[in-house]
Amino acid sequence: IFGLLGSWFPCSIMSSISTLLCITQWVVEVTIGIYVLDLISGLVHMHLDYQEIKNRELRLHAEKSIPDVIKFEENDPLFYKATPNDQYLWNFHVHHDAPYPSKDTEFELTMQIVRPLAIPYILSVVLCYMGYMHPTFARIWFGALTTGPLMQKTHFGAHARNHGVLNRETYVGALLCSLQDWGILLSPEEHKKHHEEFDCNFCIFNGWANPVVNQLRVFLSFTGIYPVDPPTRANRKERAADIAAKKLTGKDEKMKSSILNKAAN
């Protein structure tokens with residue numbers, strides 16, 4: 001086709017068309033790669049949010065601030081004697097109760113993404129080297145995996161905006177806020193809904209894949225694979241019921257004590 005077109009158009013025009021096509025292909029591949037990254041972030045986030053902590057007492061325990069989270073994890077046997085899986089899930093779920101700032105350093109947040117991506121990345125390199133990946137797919141896939149470690153940066157950037165830490169007072173802040181408002185980075189308003197309802201908007205890079213992941217969550221709840229109530233909401237209801245039951249028991253004990261005192265007098 002390019003040979004036929006070349007016989008009709010001057011070389012300079014063909015060169016411009018070729019450049020335009022290359023740029024278009026690059027933009028499309030980058031866009032798809034970003035979408036894939038956001039989709040992966042949402043699927044992983046949803047899966048972990050819906051995993052249940054086996055130890056009921058730990059599952060219902062909540063801390064409201066990062067210093068309290070650190071103190072609990074370091075000093076309370078309820079946490080440090082729990083199974084590694086329960087510890088991991090509690091540390092993940094407590095983000096709903098103490099969302100900002102992060103308990104972990106930026107390096108650790110990055111490594112939390114790098115570690116699970118390491119094996120798929122290495123495996124993908126081997127498959128690509130052996131010729132089992134189409135070049136276009138490889139560029140999209142490696143673009144998504146390589147950008148993956150930035151997920152927590154965009155995630156906590158949304159929280160920083162919601163907590164008034166990120167604003168437009170600096171050039172960098174203004175740029176980041178604009179990218180959030182344009183939907184290129186994670187929208188603070190869109191992610192805020194996740195921390196209010198807990199059963200939607202799981203994607204943490206820019207939210208592009210939220211419509212797909214949200215519908216998948218609805219389907220999984222409909223089929224019974226996931227509960228209708230997300231664990232965080234269910235835990236809060238159960239915690240409130242326990243508190244109400246304790247108050248009721250306390251009132252009953254006071255009433256019983258009053259009756260006995262009156263009988264004794």
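User: What is the volume of the largest pocket?
Analyst: Rolling a probe the size of a water molecule over the atoms shows where empty space is left. In this predicted model, the largest pocket found has a volume of about 800 Å³.

User: Which residues are the closest to the centre of the largest pocket?
Analyst: The largest pocket has a volume of about 800 Å³. It is lined by 34 residues. The closest to its centre are Leu 48, Tyr 88, Phe 92, Gln 112 and Gln 152.

User: Which element gives the most to the lining of the largest pocket?
Analyst: The elements that give two or more residues to this lining are α2 (11-49), α4 (66-75), α6 (84-93), α7 (106-129) and α9 (151-162). With eight residues, the element that gives the most is α7.

User: Which element gives the largest share of the lining of the second largest pocket?
Analyst: The second largest pocket has a volume of about 470 Å³. Its lining has 21 residues, and Glu 106, Gln 152, Lys 153, Phe 156 and Gly 157 lie nearest its centre. The elements that give two or more residues to this lining are α7, α9 and α10 (171-181). The largest share is six residues, and it comes from α9.

User: How many residues of the lining of the second largest pocket are nonpolar?
Analyst: In this lining, six residues are polar and three are charged. The nonpolar residues number twelve.

User: Is His 194 buried or exposed?
Analyst: His 194 lies in helix α11, which covers residues 188-197. A residue counts as buried when its relative accessible area is under 20%. His 194 has 0% relative accessibility, so it counts as buried.

User: With which residue does the side chain of His 194 make a polar contact?
Analyst: Leaving out residues up to four places away in sequence, His 194 touches His 45, Asp 49, His 96, Cys 200, Asn 201 and Phe 202. There is a polar contact of 3.2 Å between its side chain and the side chain of Asp 49.

User: Which residues in α8 are buried?
Analyst: Helix α8 covers residues 135-147 and has 13 residues. From its first C-alpha to its last it reaches 18 Å, close to the 18 Å expected at 1.5 Å a residue. The buried residues in α8 are Ala 138, Ile 140, Phe 142, Ala 144 and Leu 145.

Technical notes:
Residues numbered from 1 in each chain as written. Predicted model: local features only at pLDDT ≥ 70, side-chain atom pairs only at ≥ 80, totals over all residues. Heavy atoms only, no water. 1 Å grid on protein atoms, 1.4 Å probe; cavity = no way out; pocket = protein on both sides within 12 Å on 5 of 7 lines; lining within 4 Å. Points joined across faces, edges and corners; volume = space filled by probe spheres on them. Helix = DSSP H or I, 4+ residues; strand = E, 2+ residues; numbered from the N terminus. Nonpolar A, V, L, I, M, F, W, Y, C, P; charged D, E, K, R; others polar. Buried < 20%, exposed > 50% of the residue type's maximum accessible area, 1.4 Å probe, protein only. Polar contact = N/O pair within 3.5 Å; in protein donor to acceptor, adjacent residues only side chain to side chain. Contact = heavy atoms within 4.5 Å. Expected span 1.5 Å × (residues − 1).
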